[in-house]
Amino acid sequence: MSKLFELGKDSLLNSTAAILIHSPNYLFTKSQAQSIIFLANSLGCRFIGHPLVEAIKDFKNFQTWQKTINLSLEEICYDQCRILGNRLWDFDNKKPSKPKLLALHASNKSTSNTLMLWHMVMKNLCEFEIKELHVENGTVLDCIGCSFKTCIHFSKQRSCFYGGIMVEEVYPEVEKSDIIMWICPNYNDAISANLTAVINRLTALYRKMKFYDKKYIQLSYPAIQEATMLQNSSWVL
């Protein structure tokens, strides 16, 4: 990564990647992968949806998979690597003629610097069809942690145990969108509670559809780099 940074801040511009990561112990594969993705994305590299296959010591992270797949742990790992490789090979970054962009925020319009930055950026996105949703305080309850069977039941009905704005507005707009913009200040390296609840509640929708083809961007303040990423079409997936 140091060598790539020496080549310039756009050394990976317009490249596409996925990650295979292996560790001789049981720790840190996800955190290391997150660091690699962050650094590579800062250099202009995009990642396909669900871009990671990790293998820890003795392939033990595939034990849950083995309950439904009649293969050894090592074979399951290799099979997942093959699937990821094929998805990377088949990835098509063609942008729709009028991409549908969903902007989600939980900010106060009169006081939010982050939202102010978004509205400045939005004025330059004439080629996008933009839908902005405000997640107000108290409108989205966090996931109750339903059983798998219950979650599937509601998912088949395009619904969720709690209903409300998530079912009536967020789910339909997420399904239609090509790009999801998360507009959120950075609170101690975490996004706001309201938007965290939105992510947690997307589980029911995820049971019904894959998110591989959607592009995700987080816009924070100060975040001039994210605005630059928009212009360069370098997406965080």
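Here is a working chat about the predicted model shown above.

Student: Before we dig in, what are the ground rules here?
Tutor: Residues are numbered from 1 along each chain as its sequence is written, and side-chain values use heavy atoms, with hydrogens and water left out. This is a predicted model, where local features need pLDDT of at least 70 and side-chain atom pairs count only at pLDDT 80 or more, while totals for chains, interfaces and linings use all residues.

Student: Ok, how many helices and strands does the protein chain have?
Tutor: Nine helices and six strands. Those are DSSP runs numbered from the N terminus, with helices being H or I of at least four residues and strands being E of at least two.

Student: What share of the contacts links residues 24 or more positions apart?
Tutor: Counting contacts with a separation of 6 or more, 74% are of that kind. Contact means heavy atoms within 4.5 Å.

Student: Switching to the inside: which residues touch the most other members of the largest nonpolar core?
Tutor: Leu 104, Tyr 171, Val 174, Trp 182 and Val 198, out of 25 residues in that core. A nonpolar core is a set of buried Ala, Val, Leu, Ile, Met, Phe, Trp, Tyr and Cys residues joined through side-chain atoms within 4.5 Å.

Student: Which elements give two or more residues to this core?
Tutor: Strand S3 (100–105), helix H6 (165–176), strand S5 (179–183), helix H7 (193–201) and helix H8 (203–206). H6 gives the largest share, six residues. There's also a second, separate core of 13 residues, and Ala 103, Trp 118, Val 121 and Ile 179 are among them.

Student: What is Tyr 171 in contact with?
Tutor: Leaving aside neighbours within four places in sequence, Tyr 171 contacts Arg 158, Ser 159, Cys 160, Met 166, Arg 201, Leu 202, Ala 204 and Leu 205.

Student: Where does Val 140 sit, then?
Tutor: Val 140 is in the loop between strand S4 (129–134) and helix H5 (148–156). It counts as buried because its relative accessibility is 8%. Setting aside neighbours within four places in sequence, Val 140 contacts Val 135, Ile 165, Met 166, Ala 197, Val 198 and Arg 201.

Student: Is Glu 173 buried or exposed?
Tutor: Buried, because its relative accessible area is 17%. Glu 173 is found in helix H6, and it touches Leu 102, Lys 131 and Leu 133, not counting residues up to four places away in sequence.

Student: And Trp 65, where is that one?
Tutor: In the loop between strand S2 (46–55) and helix H3 (73–90). Trp 65 is partly exposed, since its relative accessible area is 38%. Beyond residues up to four places away in sequence, Trp 65 touches Ile 76 and Gln 80.

Student: Backbone now. What is the phi of Asn 14?
Tutor: Positive, about 70 degrees, although Asn 14 is not a glycine. Most residues other than glycine have a negative phi. Asn 14 lies in the loop between helix H1 (2–6) and strand S1 (16–22), and it counts as exposed because its relative accessibility is 51%.

Student: What about Phe 28?
Tutor: Phe 28 has a positive phi of about 75 degrees and is not a glycine. Phe 28 lies in the loop between S1 and helix H2 (29–42), and at 58% relative accessibility it counts as exposed.

Conventions
Buried means under 20% relative accessible area, exposed over 50%, partly exposed in between (1.4 Å probe, protein chains only).
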